[in-house]
Each structure stands twice: as C-alpha cells, then as structure tokens.
Amino acid sequence: MTPTSIRDAPVAATMTIGELARRSGTSVKALRRYEGMGLIYTAGRSPAGYRLFDLDALWCVQVIDNLRSLGLTVAEIRELAGVYLNRPDQPIGPHLAGRLRGVRARLDAQIAELQQVRQRIDAFEANHRAELDSRSGTDFRTGDPKFNSTSRAPTVTTGA
C-alpha cells in the first residue's frame, strides 16, 4: 500500500484515478488523499502525468472501505498500514484487534452520551406535556418577555 516506481505498466492493465473512483465507489478526492498517505498501491504515472492504478489499488480501497465501515479512522488505518508494510515479521491481527477495541470504546462512549440525551428528552417531555400537546392556555412562548400574547407574535422594538 505504498507507491511503486513502475512507469511503463501496460495501459490495458492500468486505470486512471477517475476509473478507480468509478470502480470502487470512492471519491477522487479521497483516493488522492489515500494515495498521498501511501495507502494505495500505485502503478506510477502516465507520460501525461496522470496517476495510474491497477487491480491491486482496487483491493487496497476495498480494505480501506472495510476498515472504515468498522469505525476505524483514516489515521488509524494509516498506522495499521505502517505496521503491515514496514514490519512484515509481525502479524497484523493483534494490531487490528487493539484498534477495534478502541473503536468499541468510542462507540460505548457515544452510546452513553446518546442515552443521556434520551433521558433529557424524556424528562423534558414529562415536564412540558401540556405545551407539547398544545393544550389550551399553555405555550412555550409564555416565558418569552418580548412575546405579546394578544398578537401571538413577538413584539419587536427597533432602535433609532
């Protein structure tokens, strides 16, 4: 998942970044970012300077998409790629397991925050049932000091 220096790869076996984007469903902008981070195998550049990729790049993008779908950040994927490419004597599994534990911890924290929001919504609904049900004589605007209850519109004062 790092650029190679193959400049004269057969044209039929290579694709431009636009074709890679179409085939992978990933935006060109994201692919450029991934390539710049060394996450996608490249086949060099065309004589006109276009980035060229082969099917190996498509595999890289699929791996990135899969890891992203598991909640890993691009920075975490980059760290994993560093281990994968620079330490071939080390199994990648334990490193990935550690990252997945981190994702799980982030998700647990987000779930806890969302549960707190739900509890606040429940308490708000319980405390403001009359206003939420539009019962006669109750309205959230009654606490607004600028609200004129006869016109049912806020009183606006202009400075001159």
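Modeller: Buried means under 20% relative accessible area, exposed over 50%, and partly exposed in between (1.4 Å probe, protein chains only). The model is predicted: local features need pLDDT of at least 70, side-chain atom pairs need 80 or more, and totals for chains, interfaces and linings use all residues. Residues are numbered from 1 along each chain as its sequence is written, and side-chain values use heavy atoms, without hydrogens or water.

Biologist: How far apart in space are Arg33 and Val74?

Modeller: In sequence, 41 residues separate Arg33 and Val74. C-alpha to C-alpha, the distance between Arg33 and Val74 is 9.7 Å.

Biologist: Why does Tyr84 count as partly exposed?

Modeller: Tyr84 belongs to helix α4, residues 74–86. Tyr84 counts as partly exposed because its relative accessibility is 38%.

Biologist: How are α3 and α4 oriented to each other?

Modeller: The axes of α3 (residues 55–69) and α4 come within 10 Å. They cross at roughly 130°. The pair is therefore oblique.

Biologist: Which pattern does the protein follow along the sequence?

Modeller: The protein has six helices and four strands. Along the sequence they read β-α-α-β-α-α-α-α-β-β.

Biologist: What percentage of the residues is buried?

Modeller: The protein has 160 residues. The buried part is 26%.

Technical notes:
Helix = DSSP H or I, 4+ residues; strand = E, 2+ residues; numbered from the N terminus. Axes fitted to C-alpha atoms, helices over the stretch in contact; angles between N-to-C directions. Parallel < 35°, antiparallel > 145°, perpendicular 65-115°, else oblique.
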